[in-house]
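Colleague: I am new to this one. Please pick one part, look at it closely, and then place its surroundings for me.

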Amino acid sequence: MAKVLVVDDEPNIVLSLEFLMQQAGFEVVTAEDGEGALARVAEGVPDLVLLDISLPGISGFDVLEQLRADPAHARLPIIMLTAHGREVEREKGMALGADDYITKPFSTQALVEKVKTLLDEAN
């Protein structure tokens, strides 16, 4: 069973993503901030990360940069989540090495399909 790390500081979004990913057949671990996300990855590398950009403390961009700087996580699939549909954020995320980008509110079906596609490509 693939493990998905959900990182978001909004509890209702974490709960809905956790439920959605579990329904799709994935094991789920969660973190509510950037430090927590890096700690979760250190405890046991997930198969994919759903990473919010706007986090308290270190941002999603910083988490993405730190993960990509580590050769062990260079290929870890990461989907950025943001409430802002700003093109500049999408471009920055992709430039830093994100695999995909979803703007909240998002289609649950589209998100599950993106996750499955990235996991298939990673295997």
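**A loop residue, a recorded site and the sheet**

Modeller: Leaving aside residues up to four places away in sequence, F26 touches M1, A2, V4, M21, V115, K116 and L119; contact means heavy atoms within 4.5 Å. This is a predicted model, where local features need pLDDT of at least 70 and side-chain atom pairs pLDDT 80 or more, while totals for chains, interfaces and linings use all residues. Numbering starts from 1 along each chain as its sequence is written, and side-chain values use heavy atoms, without hydrogens and water.

F26 lies in the loop between helix 1 (11-23) and strand 2 (27-31); helices (H or I, at least four residues) and strands (E, at least two) are DSSP runs numbered from the N terminus. F26 is buried, at 9% relative accessible area, where buried means under 20%, exposed over 50% and partly exposed in between (1.4 Å probe, protein chains only). From the C-alpha atom of F26 to that of R40, 14 residues apart along the chain, the separation is 16 Å.

Strand 3 and strand 4 (residues 78-82) run parallel and are joined by four bridges. L51 has M80 in strand 4 as its bridge partner.

Strand 3 (residues 48-52) also holds D52, which is buried with a relative accessible area of 2%. Beyond residues up to four places away in sequence, D52 touches V7, D8, D9, G60, L81, T82 and K104. An unreviewed UniProt entry lists D52 for "modified residue: 4-aspartylphosphate"; UniProt positions follow the numbering used here, feature names are shortened, and annotations may be inferred rather than shown by experiment.

Notes: Pairing = 2+ DSSP bridges.
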